[in-house]
Amino acid sequence: MSLLELRDVAVTYRVASGEVPAVRGVSLELAAGRALGVAGESGSGKSTLAMALLRLLPKDARVTGEILLDGEDVLTMKWGRLRAVRWASASVVFQGAQHALNPVRRIEDQIAEPLLVHGLATPAAARRKVAELLEQVGLPAWRARSHPHELSGGQRQRVMIAMALACSPRLIIADEPTTALDVMIQAQVLALIRSLIAEHGISLIMISHDLSVLASMCDRLAVMYAGRVVESGPAHEVFRGPRHPYSRALAEAFPTVGDPASRLAPKGLGGDPPDPMRLPGGCSFHPRCPVSLPSCASREVELWPAGESRTAACVHVLSADEKTESTGISVMRPAKEDA
Ligand SMILES: Nc1ncnc2c1ncn2[C@@H]1O[C@H](COP(=O)(O)OP(=O)(O)OP(=O)(O)O)[C@@H](O)[C@H]1O
């Protein structure tokens with residue numbers, strides 16, 4: 001059984017002018033001890049999906065589908081059970097630790113809080129645990145007495161990671177954990193996360209717009225566009241040989257981690273992601289797609305097998321027969337291996 005399984009998850013925000021379909025029909029699986037990267041531009045629905053996993057979304061968000069954590073649906077859990085699951089089974093590292101930490105409380109109190117709240121330690125044992133956690137994330141134990149403003153951005157992000165580890169979760173959800181940091185510190189924090197999850201056998205869901213970072217950290221990748229997963233598969237295969245034109249543009253927009261040569265001529269993405277309240281008809285990516293066909297404006301292709309353990313939602317991954325039989329899309333030109 002998977003540690004986490006998402007079945008047809010959709011999230012809609014109610015706003016004054018109507019409904020914002022931020023996440024649409026996402027189905028994903030994460031095996032225990034594995035790392036899944038969720039990539040996409042700003043507004044593609046990554047954070048909304050991440051927050052939905054532990055029901056951390058605001059009240060104006062409606063979530064449908066199933067989010068099975070160890071087979072138990074997070075969406076229908078009673079409040080008490082949900083509180084126990086948060087932290088103890090799964091915890092979150094948010095982007096921008098400066099906003100997530102309470103400025104007026106000492107680091108020690110903030111890291112110890114989940115241990116005390118969940119009755120997992122006495123105050124004295126919690127203090128010892130805090131010192132141990134700080135050491136694990138590369139901070140000296142005396143930092144326990146500091147306030148957040150006395151730490152650098154990288155140190156604050158290490159504190160967030162210590163907080164996430166406090167209750168020994170089986171899953172960590174890391175939402176852009178290094179975006180606010182400079183490149184050197186980013187590399188250190190990524191290395192720290194990598195070593196900690198390997199050492200403790202923790203599963204990871206990592207959210208980023210940077211496909212190269214995700215490919216360096218994760219076993220599998222899911223690429224989101226306009227609230228949908230448009231491609232998924234083994235991380236290095238998706239990064240090195242994307243099958244969806246959007247994944248390709250995203251891969252080309254970012255250099256390979258640690259490989260300056262790959263900075264040469266990144267093509268990047270033209271145009272902006274669509275407003276979810278005014279999605280274009282057919283494939284949401286077609287107005288920006290360099291290889292779109294006339295039929296893409298009217299038909300949205302489901303995720304389709306695109307190699308072993310890979311899927312992509314693009315007309316170009318279908319064979320001519322599959323196109324006609326399974327989608328009704330008339331064949332405009334022969335299917336290309338690498339759309
Ligand atoms: N509280 C909210 N109310 C209404 N719409 C929202 C709310 N939060 C997010 N949205 C909308 O949902 C869509 C998805 O946003 P989300 O933050 O999940 O994307 P993202 O891929 O994580 O982007 P970023 O990388 O910028 O955080 C966007 O169109 C956004 O404007």
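**Note on helix packing, sheet and ligand shell**

1. Helix 6 passes helix 7 in a right-handed crossing (the near helix is turned clockwise from the far one by less than a right angle). The model is a predicted one, in which local features need pLDDT of at least 70 and side-chain atom pairs count only at pLDDT 80 or more, while totals for chains, interfaces and linings use all residues. Residues are numbered from 1 along each chain as its sequence is written.

2. Helix 6 and helix 7 (residues 183-200) pack at an angle of about 15°, their axes being 10 Å apart; helix 6 is therefore roughly parallel to helix 7 (an angle under 35 degrees). Axes are lines fitted to C-alpha atoms, for helices over the stretch in contact, with angles from 0 to 180 degrees between N-to-C directions. Helices (H or I, at least four residues) and strands (E, at least two) are DSSP runs numbered from the N terminus.

3. On the side of helix 6, the contact (C-beta atoms, placed from the backbone, within 7 Å) is made by Gly154, Gln157, Arg158, Ile161 and Leu165. Helix 7 contributes Ile185, Gln188, Val189, Leu192, Ile193 and Leu196. These residues divide into 7 nonpolar, 3 polar and 1 charged (Ala, Val, Leu, Ile, Met, Phe, Trp, Tyr, Cys and Pro count as nonpolar, Asp, Glu, Lys and Arg as charged, the others, Gly among them, as polar).

4. Helix 6 (residues 153-165) also meets helix 4 (residues 107-117): their axes come within 8 Å and cross at roughly 25°, so helix 4 is roughly parallel to helix 6. This crossing is right-handed. Ile107, Gln110 and Ile111 of helix 4 face Val159, Ala162 and Met163 of helix 6 in the contact, which comprises 5 nonpolar, 1 polar and no charged residues.

5. An open sheet of 8 strands has the order 6-7-8-3-9-10-12-11, with mixed pairing (two strands pair if DSSP finds at least two bridges between them). Strand 6 (90-93) and strand 11 (304-305) are its edge strands, each pairing on one side only. Strand 3 (residues 35-39) and strand 9 (residues 220-225) pair in the parallel sense over 4 bridges. Helix 10 (residues 245-253) lies across strand 3, strand 9 and strand 10 (228-234), at about 105° to strand 9.

6. The ligand is surrounded by 16 residues, the closest being Tyr13, Ala22, Ser42, Ser47 and Thr48 (a residue is near if its C-beta atom, placed from the backbone, lies within 6 Å). By class, this shell holds 6 nonpolar, 8 polar and 2 charged residues. Strand 1 (4-15), strand 2 (18-30) and helix 1 (46-53) each supply at least two of its residues; the largest share, 3 residues, comes from helix 1.

How values were computed: Parallel < 35°, antiparallel > 145°, perpendicular 65-115°, else oblique. Contact = placed C-beta atoms within 7 Å.
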